[in-house]
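We will go stop by stop.

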Amino acid sequence: MNKISRIFILLFVAQVSIALAQPKQPDATLKLWYNSPAENWNEALPIGNGRLGAMVFGNPAKEQLQLNEETVWSGGPNSNITSESGAAIPQLRKLLFEGRFEEAQAIADVQMFPKKNSGMIYQPVGNLFLQFKGHDQVKNYYRDLNLEQALATVTYELDGVKYKREIFSSFTDQLMMLRLTASKPGKISFTASMDSPQQSVVRTEKGKLILSGTTSDHEGEKGQVKFESQVKVLADGGKLVLQNNSWVVDQANSATVYIAIATNFKNYHDLSVDADLKASSFLDQAVKKNYTKALAGHIKFYQQYFNRVKFNIGVTDAVNKPTDQRIAEFANANDPHLTALYFQFGRYLLISSSQPGNQPPTLQGIWNDKMQAPWDSKYTININTEMNYWPAEVTNLSELHDPLFKMLKDLAVTGQETAKVMYGAKGWVTHHNTDLWRITGPVDRPYAGLWPMGGNWLSQHLWDHYMFTGDQQFLKEYYPILKGACQFYLDVLQEEPTHQWLVISPSNSPENTYIPGKRVSIAAGTTMDNQLLFDLFTRTEKAAEILKLDADFRKVLKTTIGRLAPMQIGKHGQLQEWMHDSDRTDDKHRHVSHLYGLYPSNQISALRTPELFDAARTSLTYRGDPATGWSMGWKVNFWARFLDGNHAYKLITDQLKLVGGRTEGVSTTGGGTYPNLFDAHPPFQIDGNFGCTAGIAEMLLQSHDGALYLLPALPDNWASGEIKGLVARGGFVVDITWKNKEITQLKIQSRLGGNCRLRISDGIKFNHAKLSVAKGGNTNAFYEVPQVKTPLIAAEAKLNPVGVPTSKDYDLNTVAGKTYNF
């Protein structure tokens, strides 16, 4: 060996030694992963394509896919009101204005109890099982849900063979696929079967395994949804037979299982679709496709949404631990990546449960395994359905708002009957719940159900969508819904005797009570109702102005706005929840409805309404942090709006508390997060996931208060990071990179043009040399702020300075379609 060869070998050995000595970089892939199969539903992993959902358990010996389809609901087309539904309303109004609250509640509990049903139930289709004989004792087990690809994977080793399963709910092919491979040929053997808790039959027909059934009766409504699940298996090599209501695969090299599901549902009043034909059309097309291309098409479709937003606040070795262990250790660990994972999991769930043309996600999204689901797994519209869509605009998923808007169109029709029959009013109304059949009457006990503001709150999303997109065609299309909602309230508003304010009566502050020891919720003129009315009237009036419509109607709205009740600050320095000062400092209720004016609305501001800002903060401080999972998600948003990043982050740690896990010595009760990252009320409610995702976005970017506020509530432990793709009102897409609380890169894409007013806290460093200091009001119409009445303040109230970081505003004139880098 010559000298040059020896030198080359020595250099090569040295390079290898250096490479081996390098510490392994933590895997920053956005994925949930585990080293054991799911033992229960809250450990299984969700896949979905907006219409079809499944929970993947990942057991080597017996795989289970628990199946859902979004229109599998009990009952059928119906209305849940009668001519008696509103008979007691005049008497209740009289009693409330006379201060006879307990008497009013007693009458409401009897006479306002639903005369018909309280809504139908979202129900499961059933289960697909794959049994693998002899796969009980395996090695190197691993399962994950890759959020970057919307793909679930299971791998393990047995007798020197590596096995792999890939499972996804295809956006492009409208069915689910399960791919089975092994490292050696002839090793794929299993039996596939189906069952269902529904009234159903399993049969084999035309080379398919078929489960068909009809949903259940409920509260007097006959089950009318006919559903069908069709399963086909394709195998490479080996033997494949369809026998004894099962698919049997023996010694194949690989196999692909296709699961197509459809129902007879066409719309809320029409069940004329041929479920067999619809499922067959999806299945027959999909089996013709190459699997690799099918998977690639699914991923490409999904990533057009998911890849719009990137969030990075660091990766540590914590990612090398299973996800349930990371949740258990989160409060005391350095694991910023888990926050980013949780944020993106919320976006994954919205993409997977809310596709244009489909139904909105229910209280459990599209994932439910129970025939009698908690709260019927329907649409609770006194906070939960709205919360499902809080991330839609700001996290760049605007198109996914569509199912909510389509449901609003339906409710604006069915709600006309309720408005007329129950209240003798024009327009439309719905109360605190609805379902697939678009019921609009009160449901459940009157202490919660007698709240005629559900349609109002849902309608706010129409204006929000316009504020982010500037889409005037959309505004024109949906303006009649806003107008119809206003017409109802204009007809039913009552003049209260003390101040002659116009208020809603009877109503409640959602699910809360105000007389100690008494279950009294019925009220007139609650703070949230007044805030909702202010927003609906103000925004509808503005929409009419933009569209150059209804000049006389606009005048009526403006006059009525002037007669609405102002917000009030009570004797404890709190924002009053009710028209009367009945708040208790020991009230820890999960609903914080009177803070709607802070979030998601923009009526309360440190700059514009400092007294209300402080009073709202006092109210939330009294309420406390621990709560149900979804309530803590709402509180993240509140504390972000209070510009208190550390407190908002504390709520994230409270929400990311393991519930129902297997980790020894870890508390698993109360609100928090299940091992599969689902929100725990408990039980599972998906709105908590969406609420916290929106809250994290709100900590990084706000655009509700006259300016685009960069990093407004940055916690100390996110001193450095990067967020790309968040959207602000007025169509500004924002990328921010920061290091040690200094913005090092800022990129703003202007979709609509106009003035971009940036607000930056004095605690955040930024080179603003290219920007001019803002002067006067923001000329961008999307940043117009509401003119809120001066609050009434109790003499005993003690108010505090707002105590938020000072900030400066800068203006940047933008052109539509251009991007600006700093």
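Where is the place of E166? Select E166: its place is in strand β8, residues 161-169. Strands (E, at least two residues) and helices (H or I, at least four) are DSSP runs, numbered from the N terminus.

Before moving on, note that this is a predicted model: local features need pLDDT of at least 70, side-chain atom pairs count only at pLDDT 80 or more, and totals for chains, interfaces and linings use all residues. Residues are numbered from 1 along each chain as its sequence is written, and side-chain values use heavy atoms, with hydrogens and water left out.

**Stop 1: around E166.** Is E166 buried or exposed? E166 is buried, because its relative accessible area is 13%. Buried means under 20% relative accessible area, exposed over 50%, and partly exposed in between (1.4 Å probe, protein chains only). Now show side chains. Those of E166 and K164 are joined by a polar contact of 3.5 Å. Such a contact is a pair of N or O atoms within 3.5 Å; within protein, one must be able to donate a hydrogen and the other to accept it, and residues adjacent in sequence count only if both atoms are side-chain atoms. Beyond its neighbours within four places in sequence, E166 is in contact with residues including L151, M177 and Y291. Contact means heavy atoms within 4.5 Å.

Stop 2: Select A150, in the loop between β6 and β7. A150 is not a glycine, yet has a positive phi of about 55 degrees. A150 counts as buried, because its relative accessibility is 3%. Next, pick N244, in the loop between β14 and β15. Its phi is positive too, near 50 degrees. N244 is exposed, with a relative accessible area of 71%.

**Stop 3: helix α7.** Select residues 336-353. How many residues of α7 are buried? The count is 18 of its 18 residues.

**Stop 4: a cis bond.** Go to S505 and P506. The peptide bond from S505 to P506 is cis, with omega near 0 degrees. P506 lies in the loop between β21 and α14.

**Stop 5: α16 and α17.** Select residues 610-623 and 629-641. The contact is made by residues including F613 and L620 of α16, and F638 and W639 of α17.

**Last stop: P626.** Select P626, in the loop between α16 and α17. P626 counts as exposed, because its relative accessibility is 63%. Leaving out residues up to four places away in sequence, P626 touches M632 and K635.

Definitions and conventions:
Expected span 1.5 Å × (residues − 1). Axes fitted to C-alpha atoms, helices over the stretch in contact; angles between N-to-C directions.
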